[in-house]
Amino acid sequence: MPYKIALYPGDGIGPEVIAEAKKVLEAGGADCAFTLIDWNTTLYAKTGKCAPDDYLERLKDFDAIMLGALGNSANAPDHIAVQPLLGMRRGFDQYVNVRPAVLYEGVDCPLKNKKPFDIDMLVIRENTEGEYTSLGGRHYAGTPHEAAIQVNYFTRMGTERIIRYAFEEARKRKRKHVTSITKSNALIYSMVLWDDVIKEVAQEYPDVKWSPMLVDAAAMNFVRQPEIFDVVVCSNLFGDILTDLAAVIIGGMGFAASANINPTKKYPSMFEPIHGSAPDIAGKGIANPLAAIMSGAMMLEFLGDEKNARRITNAVQSYLKESSIKTPDRGGTARTQDVGNDIIARL
Ligand code: ATP
């Protein structure tokens with residue numbers, strides 16, 4: 001039976017990069033049956049909705065979702081456009097957001113004196129609670145007394161399961177180290193709970209070393225000495241910010257893949273490039289599709305087709321190392337499709 005994949009290109013460069021990811025998956029021998037999901041801000045302009053009300057119901061029986069990017073402020077307010085993304089993460093309990101950051105051979109690193117694979121980290125971001133809840137409100141709107149409350153919400157269960165996932169991943173890697181990103185000196189409730197929980201969980205993993213790091217120090221160290229990081233575990237907000245930084249140090253937004261995972265497989269997991277819809281280059285056919293292609297490889301690996309996942313990752317690495325075909329974000333003049341074709345030729 002083929003894997004049932006919901007192909008959800010979304011807005012902007014989403015359709016352009018997802019088309020290449022699909023092409024590579026198919027050429028790579030992945031046994032996938034794709035169903036096109038055409039929900040985006042164009043739909044909003046027509047119907048007042050970016051997705052049907054029952055979108056979770058319609059998606060829940062797929063094995064996985066491949067998302068491009070959501071949002072185009074010319075058509076719909078951004079906070080409405082991204083609702084399906086946040087809704088899928090919470091509704092399908094995709095509590096793990098995995099974002100690998102590897103400096104591959106052939107890629108220009110903006111940091112000085114970094115060799116291939118000097119940067120090889122796996123950032124694990126909590127994806128369902130923390131700072132990104134819809135709890136709170138605005139009071140005295142529009143008056144000089146106006147106030148806004150945005151609740152940070154950390155549960156023991158949510159904190160424990162993400163930390164446990166990080167330790168499990170660290171256990172599979174060579175260096176077996178977890179850096180726990182906090183801000184416990186200022187966020188004295190949420191982050192101190194996080195610290196308490198990691199101390200407990202760590203006792204179950206005597207083979208894995210761990211250390212805490214404040215988020216401001218982590219931002220500095222991602223630039224100053226990224227090679228010290230192996231597995232990094234962080235809250236929703238900290239992970240959101242740090243992974244954009246991680247994307248830039250491994251070559252740019254066009255490289256960074258991600259997975260939103262429900263480890264129980266009760267609901268579909270979702271795979272997406274971490275970049276947004278990039279309205280500045282949308283429709284020009286010059287977006288870098290690597291992040292989407294690598295997200296496709298992550299999807300195959302998660303679904304159990306490790307062999308084809310590895311084939312695609314190897315083809316991407318060979319492309320990066322040897323090919324002169326580069327999209328403009330890498331200083332070239334190639335088009336999105338040329339990159340997909342080059343990778344397919346190497347499979
Ligand atoms: P969002 O606000 O949803 O994150 P965005 O497109 O404004 O969306 P990013 O995705 O962070 O923000 O992208 C920032 C810029 O990086 C884009 O405007 C674009 O110039 C560049 N960029 C992002 N993704 C790619 C890509 N795949 N290929 C080439 N350039 C990209």
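The largest pocket lies between domain 1 (1-94 + 258-347) and domain 2 (120-249), because both domains give residues to its lining. Those domain bounds come from an automatic or database domain assignment. Keep in mind that this is a predicted model, where local features need pLDDT of at least 70, side-chain atom pairs count only at pLDDT 80 or more, and totals for chains, interfaces and linings use all residues. Residues are numbered from 1 along each chain as its sequence is written, and side-chain values use heavy atoms, with hydrogens and water left out.

**How the spaces are found**

- Rolling a probe the size of a water molecule over the atoms shows where empty space is left.
- The search runs on a 1 Å grid over the protein atoms alone: a cavity is a set of points where a 1.4 Å probe fits but cannot get out, while a pocket is an open set with protein on both sides within 12 Å along at least five of seven lines. Lining residues have an atom within 4 Å of a point.
- Grid points are joined across faces, edges and corners, and a volume is the space filled by probe spheres set on the points.

**The largest pocket**

- This pocket holds about 1,100 Å³ of space.
- Its lining has 30 residues, and Pro100, Leu122, Glu169, Met298 and Glu301 are the ones nearest the centre.
- At least two lining residues come from each of strand S4 (96-102), strand S5 (120-126), helix H6 (156-171), strand S11 (257-261), helix H10 (290-303) and helix H11 (306-322). Helices (H or I, at least four residues) and strands (E, at least two) are DSSP runs, numbered from the N terminus.
- H11 gives the largest share of this lining, 6 residues.
- Sorted by class, the lining has 20 nonpolar, 3 polar and 7 charged residues. Here Ala, Val, Leu, Ile, Met, Phe, Trp, Tyr, Cys and Pro count as nonpolar, Asp, Glu, Lys and Arg as charged, and the others, Gly among them, as polar.

**The second largest pocket**

- The second largest pocket has a volume of about 570 Å³.
- Of its 27 lining residues, Val82, Leu85, Leu86, Arg89 and Asp240 sit nearest the centre.
- Two or more lining residues come from each of strand S3 (64-69), helix H5 (83-91), helix H9 (236-249) and strand S12 (269-273).
- H5 supplies the largest share, 5 residues.
- The lining splits into 9 nonpolar, 9 polar and 9 charged residues.
- Domain 1 and domain 2 each put at least three residues into this lining.

**The cavities**

- There are 4 cavities of 30 Å³ or more in the structure, and the largest cavity holds about 50 Å³ of space.
- Leu86, Arg89, Arg90, Arg125, Asn127, Tyr132 and Asn236 line the largest cavity, with H5 giving the largest share, 3 residues.
- In class terms, that lining has 2 nonpolar, 2 polar and 3 charged residues.
- The largest cavity also lies between domain 1 and domain 2, because both give residues to its lining.

**How the two domains meet**

- The centres of domain 1 and domain 2, taken over C-alpha atoms, are 25 Å apart.
- In all, 8 residues of domain 1 are in contact (heavy atoms within 4.5 Å) with 11 residues of domain 2.

**Salt bridges**

- Side chains of opposite charge can pair when their charged atoms come close. A salt bridge here is a side-chain nitrogen of Lys or Arg within 4 Å of a carboxyl oxygen of Asp or Glu, and the whole structure has 23 of them.
- Arg125 pairs with Asp240, with the closest N and O atoms 3.9 Å apart. Arg125 is in strand S5 and Asp240 in helix H9, so this pair ties together parts that are 115 residues apart in sequence.
- Arg125 is buried at 1% relative accessible area, whereas Asp240 is partly exposed at 25%. Buried means under 20% relative accessible area, exposed over 50%, and partly exposed in between (1.4 Å probe, protein chains only).
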